[in-house]
Structures are given as C-alpha cells and as structure tokens.
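Hi there,

Here is the structure I promised to pass on. My notes on it follow below.

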Amino acid sequence: MMRVIFLGPQGAGKGTISSRVSAKLKIPHISTGDLFRDAIAAQTPLGKEAKKSIDQGKLVPDLITNALIREHVEKKRCKKGFILDGYPRNISQAKSLDSFALPTQVILLDIPEQVSIERLAGRLQCKICKRVFNINAREDDKPQVIKQRLAAYRAETEPIVDYYKKQKKLHRIDATPTVEIILKKIFRVLC
Ligand code: AP5
Ligand code: MG
C-alpha cells in the first residue's frame, strides 16, 4: 500500500514529477489544483467557490478541500494506494488526512524561491491532459499572485514539513536537477 504525498513550493515540480511516478507505480494521481481548475472550467458551485481563493493566491477553505480529497481517496480505484499532489497544505489538512487515510511516505521537492519564480513565469499547462509544458502562463501565474502563493506556502505549508519529519515519513529531494535525475532519487526512496 503506497499513499504518497508530494510536497513542495510552487514550481517545485509536484505536477511534473508526481504524474510520472503515478504512471510508473500504476496508482492514481490526485492533484487538488487540477481538480479545482476542472471545477472552475465547468463552472460548478465548487469551481465558483475555489476561484475566489485561487485568483488571490490564497488557499481554498479547508472544509471544502478536505471533503473533496476524502471523496476521491475513498474511491475504489484508490484501494491500492494513491499519490497526492498539492494536498495537504496546512496542519489542519494533514490532520484531516490522518483521520481517514494515513500517508506512508512524504516527498518534499525542495527548490529555492528564485527557481520557483523563474519556472512559473514560463509554464503552460494543457487543460485536458494536465501535462505541463514550459512556454506560457497559467491563470494564477501572474507575478502578484505568485508572490501571494509563495507567502501562503511559507506561512501555512512549511510547518507540515516538521509534522511529517516527526513521524519519520519525510524524504527531502533536491528538485533543481533534471526531471530524470529527480525521478531516479525518488524511485530509490519508494521502491
Ligand atoms: P496547485 O495547482 O497545486 O499549484 P502550486 O502548489 O502553486 O504548485 P504548481 O502547480 O504551481 O507547481 P508544481 O510544483 O506542480 O510544478 P510543475 O510541475 O507545474 O494549486 C493552485 C491553487 O489551488 C493554490 O494556490 C490554491 O489556491 C488552490 N489549492 C490547491 N491545493 C490546495 C489545498 N490543498 N488547499 C487549499 N487550496 C489549494 O512545474 C512548474 C514548471 O517548472 C513547469 O513549467 C515545469 O515544466 C517546470 N519544471 C518542473 N520540474 C522541472 C525540473 N526538474 N527542471 C526544469 N524545469 C522543471
Ligand atoms: Mg502543480
């Protein structure tokens, strides 16, 4: 049973790397950011609510996010495990996850803030297949919103690094080399 969390600042490569790990391990990849963007595109009530926070670079309220993740990880397809990309993002979400699906490993993709800014400035994400390219920008990749997202990471998400370190689940991976090098290091940890 593998319940793997990908943690890391904006642009660390959570989407890029975790979707490759998901394909190799054949367990579902669940990205809260992708789920919210799909809901926004479909103009559902969830999408309308999420958009208010996402446009400002703030976290979507925990009540909404925790319920969404619970609904997904309790699906049959996640019986043999799953990979979470972008969740949990604060201590309250981490505790909520512990109450219904204990994570087995946590991968922290580590990059300096300047690299985050450079990578996000040149990203393009396919709305259908979710593949990430590097030419253009996502809606929330405007400089002002990136600043707010990075601030939210420092204030709310960084504390969960210690939370998982204490549980001896945390693996810190330098996410500045090439994707292939990063993947090799991750598979050494997971397999
Ligand atoms: P989300 O979509 O999760 O965005 P994020 O965390 O800000 O992270 P990114 O998707 O920007 O970066 P990434 O680490 O996935 O990097 P990527 O692989 O794309 O969340 C968006 C918003 O939704 C949040 O701000 C919040 O409002 C809301 N939300 C989401 N989850 C939530 C939660 N749990 N609770 C509340 N609200 C939530 O790569 C970035 C770029 O770098 C790409 O161009 C890629 O090609 C390039 N790249 C990647 N790896 C490398 C490499 N090794 N070398 C060179 N380039 C690379
Ligand atoms: Mg992402």
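Which residue just after H2 takes a positive phi? That is Gln43, with a phi of about 55 degrees. Before going on, some ground rules: this is a predicted model, where local features need pLDDT of at least 70, side-chain atom pairs count only at pLDDT 80 or more, and totals for chains, interfaces and linings use all residues. Residues are numbered from 1 along each chain as its sequence is written, chains are lettered from A and ligands numbered from 1 in the order in which they are written, and side-chain values use heavy atoms, leaving out hydrogens and water.

Helices (H or I, at least four residues) and strands (E, at least two) are DSSP runs, numbered from the N terminus. In helix H2 (residues 32–41), the buried residues are Thr32, Gly33, Asp34, Leu35, Phe36 and Ala39; buried means under 20% relative accessible area with a 1.4 Å probe, protein chains only.

Strand S3 (residues 81–85) has five of its five residues buried, so it is largely enclosed by the rest of the structure. Gly81, Ile83 and Asp85 cover one side, with Phe82 and Leu84 on the other. S3 runs parallel to strand S1 (residues 2–7), joined by five bridges, and parallel to strand S2 (residues 29–31), joined by three; strands pair if DSSP finds at least two bridges between them. Asp85 is the bridge partner of Phe6 and also stands opposite Ser31.

Finally, Asp62, Thr65, Asn66, Ile69, Arg70 and Val73 in H4 meet Ser92, Gln93, Ser96, Leu97 and Phe100 in H5, counting heavy atoms within 4.5 Å as contact.

Enjoy exploring!

Note on methods:
Buried means under 20% relative accessible area, exposed over 50%, partly exposed in between (1.4 Å probe, protein chains only).
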